[in-house]
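Take a look at the model below. This report walks through a few of its parts, one at a time.

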Amino acid sequence: MIRFSIVVPTLNESENIDLLLTRVFAQDLSPDSFEVIFVDDGSTDGTPDKVRAWNQRNVRLLERREKPDLIASILAGAAAANSKIIVVMDADLSHPPERLSALVAPILNGTHDVAIGSRYIAGGSTENWPLYRQLLSRAGGWVARPVCDVNDATSGFFAFRRELADSIPNQAHGYKILLELLIANHGKIRVTEIPICFHDRTHGSSKLSLAHQQAYVKRLIALAGGTVTFNTASRFAAVGLLGVLIDAVVFQWMISSGASLALAHFISFMAAVTTNYALNSKWSFREYHFGHLRWQQFGRFLTVGLLALLLRGGILALLVYVWSVPPLWAIFPAILATATVNYLGAAFYVFPNENNQIPSDIRWRTAAIGIVAYVLLLRLIYFGLAQLIPDEAYYWQYAQHMDLSFYDHPPMVAWLIWLGTAILGHNEFGVRIGALFCGFVTIGYLYAFARNLYDKSTAMCTILLLVILPIGFVTGLAMLPDAPLMAAWAATLYYMERALLAGQRTAWLGMGIAFGFGLLSKYTLGLLGIAALAFVIIDPVARRWMKQPHPYLAALLALLIFSPVILWNFNNQWVSFAFQSNRVLADGSYDFAVHYLIAHVAILLTPVGFIAAAIALFAIKKTGASQIEHRRHLFVQVFTGIPFLVCLLLSTFDQPRFHWTAPIWLGILPAMAWMVGNNNDLSSLSRKIKTAWQYTILICVFSYAFALHYVTLGIPGIPYHPRLTEHYFWQEAATEIKQITEQVRNESGKEPVIVGMSKWSVASALAFYMHGDVQWEIRSRNMFGDSGSMYEFWFPIQEPIDRPIIQIGMKRQDIEEIQIQTDRAKINVNTSEMLDQPGDIEVRAISRYGIPVRKIYYRISSGFKGPLAGIQQ
């Protein structure tokens, strides 16, 4: 009885036929258990005669007269097979016949539906293959990884159940039938990989050509849901050249007419893109156009166009304002970059491949790749363009006063900023490079965490949600303590899952390191320790770890890493621990603020994400769920629910900080992402949420791009609102303060003292943007006796000063009054009573590129009497 059929496609392989069959029949296989079917595609070297010469019952020959095509040959052989299991292998002896038994065994025993002879798993290898072929093979497998869940998707040596061949679409052509088989049956089949040693051919020549590689890429894109072809690309490029001409001419005319950079690039882009849409819809993508205007399609076109426009603004600003490229020249690389965005957006979103056979989670994977790439590109471009917010400038001040820890935060943020500026210099990119690094660490660990909990599709959707939700986008862009906290939180979750669910002992080492670095970032990470203890107590399987040394050694390792903070606190009367412990009840009052906490969560996750998180958190597991599913669900509930419960309890008597809960939701993002990619077992509400995610994602991405363009270049027709910008545009404000300070210095002959009249934001922002050759003396309001956080350590309260004092404030009242804590209560004190000859409070309008952006208030005095003068009088 024939148990499996070996299909061998051939084209001019006469020198290899005898060698192949000799090795096949030399295996420990019964001759009656298999057959070998050669499918010849028109060989001219006598290959068919070589096959016929064997004249054996289980060696058969099929001769095709159609155009040579590897997939068609294999399908023809499968159709003619006398068994229900097909093995595909090449005739050139690159696939070892000695691995036939191992390859076919998982199919014969019913444990799997497809078995792949893999070069790229443990035990697999390649021998005597030219380097360029190895690189091509690796690249081919790598580009297929996003839509395929195997390590060697380009393998030509595999076995499968014959009925699966019926699922391969008629339009499948080329030489990678395995990829077609896997995509067509995605999520429905059981796949395994068997290690093989691949040998380069010794006789004949390879049939691989550039045309084959192009066909592979084209087909891969089609399987991913796109319409990228060389025909559409060439037509798009031709239309694009006309668009470039229109864009450049209109842009140059606008700039010559005195228009701002933002207005010129908006108008020129709109002129070019309108022409391009008309031509692309009727010509470039005519196969996918319906002959009339479709509003959904046009809406998608506008979305892609606007996203490309907002990205282009960042590129223009980078080239013109940072690299000093003339606008006329800068427009061309900006056009090229956004043309790429436009084309890919058109091919995958505006005019997609609407083949219903493409699984929905494959489309979600493709969307995840495109959106994540766009958001990361957006970050990279605007990273060094957007000015620092005062919080970032304050942590930059940390780095100027390096220490083991600080009053209001642990030192990790300072260490990262110090390293970034030491390498990249004193600029915004140097300050923020640590956030970029932490963002990639977060992505890597969260992807691995989600894949361990669920699968690859869920992991990719998890990263999509991470980068588009405010909890991920802001922490990946701004250099705040939350950036390393998010990275450490994701790493700790990963190692916790490996230790508590997978039972890996070595994971405790990683957990100790991640937990220690997390505590160096922000004390909030301690909430995961509480969650871990709760999980070990609740889960009977994990409870055994309480009798093992690994968790305790991990805790000691974390404590060792955290020791710099302990040492600093020991030397400073434990002020940081006291500050963090008492900040909630500092004024002794109680303020019920649960509603604020819920509102903050709805903003951090978006309303759709908030509902999805609630569904995932409080979902009741279905009856009959396996122990693995039950423990996974419990893990998500405990490691999200316990930290959130602590924040919820705190909000019953104190108003929470906006970002308190941001890292907590990393634990439940995989469950939320699973609902996005899953088509089964969803309630009607979950299905509506899944649909709503599509609009939420677009709104979030557009909002981020719009906001970054707004603060960098502005948006034509939308002025800067003072309440939105009073904490921003400090670079322009610092220029004005420099002029005021130099004028006072020249008039008085003394070095003025600049005092930022806020806790730390004004002084820090001015210190960063006035940093240079001249050493300015910049203090915070603690000079007058009010609180100043770390400024109280860096610049303690001083004796009277007989030099000019320049007070700088965001509001008039910031300069007029401060609050001083006495033994009994806080009292308001007029700052003029502490100053010698205080002048009037003046206001100065600040402009950027000729556009008003904000105001600053300042007052000049001839000296400072001392911080207690106002109280004494």
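Predicted model: local features only at pLDDT ≥ 70, side-chain atom pairs only at ≥ 80, totals over all residues.

## Helix 3 and its cap

A polar contact is a pair of N or O atoms within 3.5 Å. A side-chain oxygen of D69 lies 3.2 Å from the backbone nitrogen of I71.

Helix 3 covers residues 70–80. Its buried residues are I71, S73, I74, G77, A78 and A80. What covers them? Strand 1 (4–10), strand 2 (34–40), strand 3 (59–63) and strand 4 (85–88) are included, and so is helix 6 (177–184).

## S5 in strand 1

Now turn to one residue of strand 1, S5. Is S5 buried or exposed? Its relative accessible area is 0%, and buried means under 20%, so S5 is buried.

The side chain of S5 makes a polar contact with the side chain of S83, at 2.7 Å. Beyond its neighbours within four places in sequence, S5 is in contact with E35, I37, A81, N82, S83, I85, I86 and V87.

The largest nonpolar core holds 188 residues. Which of them touch the most other members? They are I468, L500, F639, W693 and L766. Helix 18 (residues 482–500) gives this core its largest share, 14 residues.

L500 has contacts with W508, F535, V536, A542, W545, R631, F635 and F639, leaving aside neighbours within four places in sequence. A second core is separate and has 35 residues. Among them are I86, A144, V150 and L181.

## Helix 13 meets helix 29

Two packed helices are described by the angle and the distance between their axes. The axes of helix 13 (residues 390–400) and helix 29 (residues 761–769) come within 8 Å. They cross at roughly 70 degrees. Angles of 65 to 115 degrees count as roughly perpendicular, so helix 13 and helix 29 are roughly perpendicular to each other.

Helix 13 brings P390, A393, Y394, W396 and Q397 to the contact. Helix 29 brings S761, S764, A765, A767 and F768. Of these residues, 7 are nonpolar, 3 are polar and none is charged.

## G226 in a loop

G226 lies in the loop between helix 7 (210–223) and helix 8 (230–256). Its relative accessibility is 4%, so G226 counts as buried.

Which residues does G226 touch, not counting those up to four places away in sequence? They are I221, A347, F348 and N353. T126 is 100 residues from G226 along the chain, and their C-alpha atoms are separated by 32 Å.

Conventions:
Residues numbered from 1 in each chain as written. Heavy atoms only, no water. Axes fitted to C-alpha atoms, helices over the stretch in contact; angles between N-to-C directions. Helix = DSSP H or I, 4+ residues; strand = E, 2+ residues; numbered from the N terminus. Parallel < 35°, antiparallel > 145°, perpendicular 65-115°, else oblique. Contact = heavy atoms within 4.5 Å. Nonpolar A, V, L, I, M, F, W, Y, C, P; charged D, E, K, R; others polar. Buried < 20%, exposed > 50% of the residue type's maximum accessible area, 1.4 Å probe, protein only. Polar contact = N/O pair within 3.5 Å; in protein donor to acceptor, adjacent residues only side chain to side chain. Core = buried A, V, L, I, M, F, W, Y, C linked by side-chain atoms within 4.5 Å.
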